[in-house]
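Here are my notes from a walk through the model. Have the structure open while you read, and follow the points in order.

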Amino acid sequence: MEQRSFDRLGRHVGIIGLGAWQLGADWGEVSEDAALAVLAAAVDAGVTFLDTADVYGDGRSEALIGRFLRSRPGHGLTVATKMGRRVEQTPEAYTLDNFRAWTDRSRANLGVDTIDLVQLHCPPTAVFADDRVFDALDTLVAEGRVAGYGVSVETCDQALTAIARPGVASVQIILNAVRHKPLERVLPAAAAAGVGIIARVPLASGLLSGRYDENTTFPANDHRTFNRHGESFDVGETFSGVDYDSGLEAVRRLAPLAGEDRTMAQFALRWVLDQPGVTVVIPGARSPEQARRNAEAAGQPALTEVELAAVRATYDELIRPQVHDRW
């Protein structure tokens with residue numbers, strides 16, 4: 001698998017990673033055995049970057065990854081986690097003492113002395129402008145709790161503020177065929193600064209897999225049911241904030257471009273990989289077959305100019321008016 005660099009972290013990772021939210025919660029039930037099988041399939045297919053968070057199943061996702069890591073000594077993987085969403089979302093919660101406590105819990109869950117990459121988990125906007133927060137993150141590095149730090153963001157403005165911080169190694173942001181705004185300023189700024197871009201929600205919560213239609217239903221404990229309108233957290237995390245019916249129409253227009261040699265999901269992943277400045281894309285997977293198919297997108301040809309133009313046109317007509325200025 002092609003490798004790309006987190007320059008400020010001093011690490012290279014495979015361009016397709018694995019997002020592990022679904023191994024913890026909020027995507028329906030995933031058993032421990034199924035979660036471990038997904039991790040094994042992804043890594044065996046060339047994935048070297050795993051992304052989780054302390055709130056995914058209140059530590060379940062981290063603990064499962066930790067169990068997997070112990071089964072693969074000398075694995076050579078980079079594991080990123082996130083912190084900050086286990087408390088009320090006020091800037092005052094983002095303190096060194098809390099950071100120490102949160103990373104100590106994650107280190108125990110993962111079974112590691114040093115976390116490869118810890119990310120602030122979509123914190124309040126005021127946090128990005130607070131020097132004390134980033135001084136505290138620098139202290140975590142100095143103490144050996146983490147090897148590096150980054151931020152997960154909701155908005156492009158948050159991303160740009162973070163990129164200007166000299167210690168920030170990565171920005172995690174939603175980027176997919178129905179979320180284009182980061183292409184304008186965020187990706188160029190990150191590339192110029194040597195900041196890695198972790199592209200999350202690349203399939204728009206599965207919408208871009210082409211497997212759903214107007215009759216699809218999701219379990220009650222799936223965020224695609226309980227957060228459809230932003231009832232529990234930022235609506236941009238569910239179907240990228242796109243109206244479901246509009247998203248289905250976009251997929252219908254794009255699906256013929258996938259052709260016979262790749263799935264719609266692989267086409268959508270390849271679109272993300274082809275955007276200059278992207279370091280790694282982190283699709284989730286609930287089965288080993290999904291994990292393998294996602295990884296295969298790394299070896300597929302880049303999209304043609306005709307295909308890229310079709311994605312742009314579909315976005316401009318159907319999606320841009322809904323979401324472009326929101327995040």
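1. Let's start with the charged cluster. Asp97, Arg100, Asp104, Arg107, Glu143 and Arg145 are joined in a network of salt bridges. A salt bridge here is a side-chain nitrogen of Lys or Arg within 4 Å of a carboxyl oxygen of Asp or Glu. By this rule the count comes to 25 salt bridges.

2. A word on ground rules. This is a predicted model, where local features need pLDDT of at least 70, side-chain atom pairs count only at pLDDT 80 or more, and totals for chains, interfaces and linings use all residues. Residues are numbered from 1 along each chain as its sequence is written, and side-chain values use heavy atoms, with hydrogens and water left out.

3. You'll find Arg145 in the loop between α4 and β7 (149-152); helices (H or I, at least four residues) and strands (E, at least two) are DSSP runs, numbered from the N terminus. Is Arg145 buried or exposed? Arg145 is buried, at a relative accessible area of 17%. The cut-offs are under 20% relative accessible area for buried, over 50% for exposed, and partly exposed in between (1.4 Å probe, protein chains only). Leaving aside neighbours within four places in sequence, Arg145 is in contact (heavy atoms within 4.5 Å) with Arg100, Thr103, Asp104, Arg107, Asp113, Thr114, Ile115 and Leu140.

4. Next, the helix pair. α3 and helix α4 (residues 131-142) pack at an angle of about 40 degrees, and their axes are 9 Å apart. Axes are lines fitted to C-alpha atoms, for helices over the stretch in contact, and angles run from 0 to 180 degrees between N-to-C directions. That makes α3 oblique to α4. For that label, angles under 35 degrees count as roughly parallel, over 145 as roughly antiparallel, 65 to 115 as roughly perpendicular, and the rest as oblique. On the α3 side, Leu96, Phe99, Arg100 and Thr103 meet Val133, Ala136, Leu137, Thr139 and Leu140 in α4.

5. Now the greasy part. Which residues touch the most other members of the largest nonpolar core? Of its 97 residues, they are Phe99, Leu120, Leu137, Val171, Val186 and Leu208. A nonpolar core means a set of buried Ala, Val, Leu, Ile, Met, Phe, Trp, Tyr and Cys residues joined through side-chain atoms within 4.5 Å. Take Leu137: not counting residues up to four places away in sequence, Leu137 touches Met83, Phe99, Leu120 and Tyr149. Apart from this core lies another, of 10 residues, with Phe6, Val13, Ala169 and Val280 among them.

6. Phe6 sits in strand β1 (residues 3-6) and counts as buried, at 0% relative accessibility. Not counting residues up to four places away in sequence, Phe6 touches Arg11, Val13, Phe49, Ala169, Ser170, Gly196, Ile198, Thr279 and Val280. Phe6 and Leu117 are 111 residues apart in sequence and 11 Å apart in space, C-alpha to C-alpha.

7. Some individual salt bridges are worth checking on screen. Glu307 and Arg262 meet through their side chains at 2.7 Å, N to O. The pair links distant parts of the chain, 45 residues apart: Glu307 is in helix α11 (residues 305-323), and Arg262 is in the loop between α8 (244-258) and α9 (264-273). Glu307 is buried at 13% relative accessible area, and Arg262 is buried at 16%. Asp316 also forms a salt bridge with Arg320, with the closest N and O atoms 2.9 Å apart. These two are separated by about one helical turn, being four residues apart in helix α11. Asp316 is partly exposed at 40%, and Arg320 is partly exposed at 33%.

8. Last, some backbone angles. Most residues other than glycine have a negative phi. Asp58, though, has a positive phi, near 55 degrees, and is found in the loop between β4 and α2. Asp58 also forms a salt bridge with Arg86, the closest N and O atoms being 3.3 Å apart. Ala204 has a positive phi as well, near 50 degrees. Ala204 is in the loop between β9 (196-200) and α7 (223-226) and counts as buried, at 0% relative accessibility.
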